[in-house]
Amino acid sequence: MQTRKKYIFLTFLVTWLLLFFFGGDQLRRFTLFSGRKAEARRNWPRWTDRSLLKSFADPEELQSDGDPSLPSPRERRAARLSVYKNSRCRMETCFDFSRCEKHGFKVFTYPQERDQPLSESYSKILTSIERSRYYTPNPEEACLFILSIDTLDRDHLSGQYVRNVDEKIRGFPLWNGGRNHLIFNLYSGTWPNYTEDLGFDIGQAILAKASFYTETFRPGFDISIPLFPKDHPQRGGEKGWLYQDSIPPKKKYLLVFKGKRYLTGIGSGTRNALHHIHNGKDIISLTTCKHGKDWEKHKDTRCDKDNVDYEKFDYQELLHNSTFCIVPRGRRLGSFRFLEALQAACIPVLLSDGWELPFAEVIDWGKAAVVGNERLLLQIPSAVRCIHPERVLAFQQQTQFLWDAYFSSVDKIVHTTLEIIKDRLVPHRSRSRFLWNALPGGLLALPNFSTHLGDFPFYYLQHGRTPPVPAEHGTLSACHNATTLPLFVSSGSSPSEKFTALIRAVSPAGSPSQPIVRLIQAVSASQYCAQILVLWSCEKPPPPREKWPESTVPLTIIQGRGKLSDRFFPYVSIQTDAVLSLDEHTSLLTSEVDFAFVVWRSFPERIVGFPTRSHFWDPEQRRWGYTSKWTNELSIVLTAAAFYHRYYHSLFTEYLPTGLRELVDGLAACEDILMNILVATVTKLPPIKVTQRKQHKENSLQQVKGTAGVAGGQRFSQRQDCLNQLVDWFGYMPLVSSQLRLDPVLFKDQVSVLRKKYPHLEKP
């Protein structure tokens with residue numbers, strides 16, 4: 001019995017010793033964990049194969065709670081509350097809609113104080129507003145107000161930081177707690193935290209800000225704008241770098257980055273890790289820590305090698321030759337690199353967690369950019385390799401569209417901001433997301449005209465909805481070669497099958513021998529004519545109805561205001577999609593009208609007509625020239641005889657600012673140049689010339705009076721001055737040249753006249 005007890009005791013003792021030896025460490029941790037849970041440190045694995053499994057972070061770095069220079073959630077929340085005291089603002093609660101009911105959407109800018117300097121960027125913003133069609137110098141008419149105080153740079157360390165903004169804005173009688181005000185900002189916060197602190201209370205004002213955090217962004221109220229440099233062009237802007245058939249979807253490099261690397265502070269985590277994806281072949285990721293005054297004091301072991309590799313590549317060359325461009329966050333969420341990548345057709349790969357992308361309320365960035373996660377940087381190369389080449393090309397095309405439509409100039413950035421706010425005022429008449437993300441873009445698609453896509457001229461060809469045509473119309477042949485082009489490619493919904501003729505009359509009518517009478521007879525005989533409108537621009541009253549020729553279609557007289565821009569006013573009487581614009585001295589045959597209309601139905605977004613002109617650059621005069629010489633080049637179709645879509649009447653009257661229309665009214669023979677420039681701005685395409693039996697004589701009225709030499713020379717000079725002033729206003733030359741003329745099938749061919757659809761076009 002004693003021996004048995006002895007063996008049991010020894011067995012228990014050995015078991016206890018073994019348990020204590022192999023599991024004691026875990027038992028100690030378990031007992032301590034229950035009492036000191038809040039103080040326990042995370043025990044990261046101690047790898048025995050460190051040489052084989054390389055770590056991307058130091059164990060000591062992992063044990064720490066993060067960079068002490070980064071703001072804690074509590075600090076960020078406190079900074080947010082100090083700026084956004086009205087963080088729950090929405091248009092319904094913090095905007096007075098009644099101010100916009102009487103005069104519509106008008107914008108007033110505060111008068112600038114003499115002792116208050118403005119940055120170059122803010123001066124451009126104010127200029128863009130004052131040049132827009134929404135500007136009003138009368139605050140009583142205003143729906144929206146813009147401060148004259150420069151609020152773009154709110155970094156306390158910046159030389160452009162404006163102090164005492166709170167005191168200044170509270171002294172403005174129109175401030176009203178910020179209600180119906182729009183504040184622009186590019187830089188907020190300062191070293192080291194770069195919080196959202198603006199240094200003043202914005203109240204109930206709408207904030208248009210770059211580098212917007214999603215957690216501070218007020219949806220449906222604030223607007224995220226891109227960060228742009230001070231040398232960003234005021235208007236026009238450079239074109240994108242992707243040209244048709246010039247750049248393949250697959251380029252030399254797959255993925256590139258070249259930029260600063262922050263050694264400490266906010267934004268350093270992502271940029272410090274970028275070197276891990278560099279392979280020196282199709283992925284180039286170069287950083288340098290050689291920036292700032294004290295960079296040598298903080299440099300690490302990689303700095304010297306990084307600086308050497310950094311100088312081996314040119315930044316512009318990388319942009320031109322890469323398919324994807326990494327756009328990581330800097331000290332703030334946004335960077336200039338974003339717009340640079342868009343212009344270069346280098347698909348942005350965004351590594352900026354929490355960034356409310358510019359104009360994301362209306363722009364679908366999923367079609368133009370790859371939104372990555374900063375914590376999943378190492379997965380980016382494999383992710384972009386999986387994107388199909390067809391989708392890559394679609395991404396590149398969308399970057400070019402977005403760049404040209406919304407970001408290439410300060411004017412476009414500001415006008416996009418204003419249009420987004422305007423759409424919020426009348427949601428049921430606002431632009432659809434499709435209009436914002438398809439050519440020609442939201443700025444050129446007026447919701448006041450229509451919210452139905454089929455009413456606009458740009459979407460027929462995009463969706464293959466061109467009209468069917470009887471077989472007898474056949475194909476169109478180009479005048480400069482013997483090949484034929486198919487006239488229509490598909491069937492479906494189409495522009496209306498009739499047109500409205502709009503004839504501008506500037507001299508009395510009453511005799512059947514006058515040109516306008518013969519013109520009415522020829523146009524009314526067209527099978528496609530729905531009605532004829534005569535725009536009466538004479539000082540004398542129009543003759544009674546019985547003095548006008550008999551017509552098979554309705555004939556209406558519209559009393560004009562004596563302005564040249566009257567011919568492009570959106571008259572309610574025009575119900576057809578097509579408008580045939582005519583001068584009273586134009587001479588056309590019914591066959592010419594019919595054929596031109598058939599051509600226009602294939603190209604409803606363009607101007608299709610008869611008399612043409614062209615532009616050229618004069619290197620000696622260093623200005624644009626205008627010529628009427630018969631050459632192979634054409635870029636302007638005179639609206640003395642031309643078809644176009646009625647939407648361009650609305651665009652001419654409502655989109656263009658008043659000052660531009662006044663310029664046209666002050667210069668003779670300038671309105672048709674402006675219309676051609678406007679249509680070219682929308683379509684990026686040239687007009688189309690069709691067959692004409694007789695040469696158009698632009699100065700026939702002056703020739704009758706025997707003053708063609710003097711008046712014609714003055715008219716030509718005014719056209720050239722007009723062209724240069726319009727180019728200056730738009731910021732670039734929108735006109736596109738072409739060498740194409742469209743003729744009927746068998747035109748001038750040595751075949752029987754009975755086989756030709758339009759035989760009268762060939763008669764002398």
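Q: In β22, which residue is the bridge partner of Thr-612?
A: Val-637 is the bridge partner of Thr-612 in β22. This is a predicted model, where local features need pLDDT of at least 70, side-chain atom pairs count only at pLDDT 80 or more, and totals for chains, interfaces and linings use all residues. Residues are numbered from 1 along each chain as its sequence is written, and side-chain values use heavy atoms, with hydrogens and water left out.

Q: How many bridges are there between β20 and β22?
A: Two bridges join strand β20 (residues 612–618) to β22, in the antiparallel sense. Strands pair if DSSP finds at least two bridges between them. Strands (E, at least two residues) and helices (H or I, at least four) are DSSP runs, numbered from the N terminus.

Q: What is the strand order in that sheet?
A: The order is β21-β20-β22, in an open sheet of three strands with antiparallel pairing. β21 (623–627) and β22 (636–637) each have a single partner strand and stand at the edges, so one side of each is left without a neighbour in the sheet.

Q: Changing topic, how many aromatic pairs are there?
A: The count is 31. Rings of Phe, Tyr and Trp (its six-membered ring) pair if their centres lie within 6.5 Å; planes under 30 degrees apart count as stacked, over 60 as edge-to-face and the rest as tilted.

Q: How are Phe-499 and Phe-597 placed, then?
A: Their ring centres are 5.4 Å apart and the planes are at 50 degrees, so the pair is tilted. Phe-499 lies in strand β15 (residues 499–505) and Phe-597 in helix α18 (residues 590–600), so the pair ties together parts that are 98 residues apart in sequence.

Q: Are those two buried or exposed?
A: Both Phe-499 and Phe-597 are buried. Buried means under 20% relative accessible area, exposed over 50%, and partly exposed in between (1.4 Å probe, protein chains only).

Q: What about Phe-597 and Phe-643?
A: Phe-597 and Phe-643 form a tilted aromatic pair, 5.7 Å centre to centre with 50 degrees between the planes. Phe-643 lies in strand β23 (residues 641–645) and Phe-597 in helix α18, so this pair ties together parts that are 46 residues apart in sequence. Phe-643 is buried, with a relative accessible area of 0%.

Q: Which residues are in the aromatic cluster with Trp-436?
A: Trp-436 forms one aromatic cluster with Phe-338, Trp-355, Phe-359, Trp-365, Phe-401, Tyr-406 and Phe-407.
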